[in-house]
Amino acid sequence: MDIDWAALGSVFGVGLVTTVALVGLFTLGLVGLSRQERASARGGSAPLARTGAYACFALCAAAVAYGIHLIVV
């Protein structure tokens, strides 16, 4: 049995980078919602923060859906 270490390392690297990117994107979404809530508490509004947060969450959902698509097809 031969193990293709280069392919294994490539899969590990892509998985690691993708995981870090998705967690970072989700964190940006949470920060955007936090800033929107903070602005609401002060009597203002932060539509850009809310829109950015929703965009981050949509990108996370799209990445997860693409991953599921890759697994299924």
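Hi everyone, and thanks for coming. Before we start, please keep in mind that this is a predicted model.

Let's begin with helix H1, which runs over residues 5-41 and so has 37 residues by the helix count used here. From its first C-alpha to its last, H1 reaches 54 Å, close to the 54 Å expected at 1.5 Å a residue.

Now, which residues of H1 are buried? They are Gly29, Gly32, Gln36 and Ala39. And what covers them? Part of the cover is helix H2, residues 47-72.

Let's zoom in on one of these, Gln36, in helix H1. Why does Gln36 count as buried? Because its relative accessibility is 16%, and buried means under 20%. Leaving aside residues up to four places away in sequence, Gln36 touches Ala46, Ala49 and Arg50.

Next, let's go over to the surface. Here Val64, Ile68, Ile71, Val72 and Val73 make a nonpolar patch of about 560 Å². One of them, Val64, lies in helix H2. Is Val64 buried, exposed or in between? With a relative accessible area of 45%, Val64 is partly exposed, because that label covers values between 20% and 50%.

Technical notes: Residues numbered from 1 in each chain as written. Predicted model: local features only at pLDDT ≥ 70, side-chain atom pairs only at ≥ 80, totals over all residues. Heavy atoms only, no water. Helix = DSSP H or I, 4+ residues; strand = E, 2+ residues; numbered from the N terminus. Expected span 1.5 Å × (residues − 1). Buried < 20%, exposed > 50% of the residue type's maximum accessible area, 1.4 Å probe, protein only. Contact = heavy atoms within 4.5 Å. Patch = residues over 30% accessible without salt bridge, like charges linked within 9 Å, V, L, I, M, F, W, Y side chains within 5 Å. Areas by Shrake-Rupley, 256 points an atom, 1.4 Å probe, with all protein chains shown as cover. Salt bridge = Lys/Arg side-chain N within 4 Å of Asp/Glu carboxyl O.
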